[in-house]
Amino acid sequence: MKLLTDKLDQVVSLGCEAFALLFDDIEPQLRPSDESQFKTPAHAQAYVTNGVYHHLKAPETFLFCPTEYCEAYCQPSFYQSSYLPTIGAELNLGIEILWTGPRVISKHITCASIRAVNKVLKRPVMIWII
């Protein structure tokens, strides 16, 4: 965590005021060395993200991209995922969460699907149009 916060301190010193931690397109497993500290990858990601958010003194713009950033990537499915409810419960409410809809590149995103993901994540998502 110190390496990450040191790097962020460098970009803050250069005037950066908006931040994002992107956990997209990574393997959703913990390293063996992290398994004793964290129950799941979602717990680890929330811990790191909250730590960075607090280190940066709760910046106005702070985005988080979850590993499950669209319905197609939810394991085993959107309604059965344990990852998204954990992120919603543990991530600081000042952190905005990116979502792309049913697919990575979604042609249509329904209001009902947005309401469903907002409910799971306990906040309105930020739609990430790729």
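Strand β1 (residues 18-22) and strand β2 (residues 61-65) run parallel and are joined by five bridges; two strands pair if DSSP finds at least two bridges between them. Helices (H or I, at least four residues) and strands (E, at least two) are DSSP runs, numbered from the N terminus. The model is a predicted one, in which local features need pLDDT of at least 70 and side-chain atom pairs count only at pLDDT 80 or more, while totals for chains, interfaces and linings use all residues. Residues are numbered from 1 along each chain as its sequence is written, and side-chain values use heavy atoms, with hydrogens and water left out. Within the pairing, alanine 18 stands opposite threonine 61 of β2.

Turning to the helices, the axes of α1 (residues 2-13) and α2 (residues 41-55) come within 11 Å and cross at roughly 35 degrees. Such axes are lines fitted to C-alpha atoms, for helices over the stretch in contact, with angles running from 0 to 180 degrees between N-to-C directions. Leu4, Thr5, Leu8 and Asp9 of α1 meet Val48, Val52 and His55 of α2, where contact means heavy atoms within 4.5 Å.

Helix α2 also holds asparagine 50. This asparagine 50 counts as buried because its relative accessibility is 14%, buried meaning under 20% relative accessible area (1.4 Å probe, protein chains only). Beyond its neighbours within four places in sequence, asparagine 50 is in contact with Glu90, Leu91, Asn92 and Ile95. A polar atom of the asparagine 50 side chain lies 2.8 Å from the backbone oxygen of glutamate 90.

How values were computed
Buried means under 20% relative accessible area, exposed over 50%, partly exposed in between (1.4 Å probe, protein chains only). A polar contact is a pair of N or O atoms within 3.5 Å; within protein, one must be able to donate a hydrogen and the other to accept it, and residues adjacent in sequence count only if both atoms are side-chain atoms.
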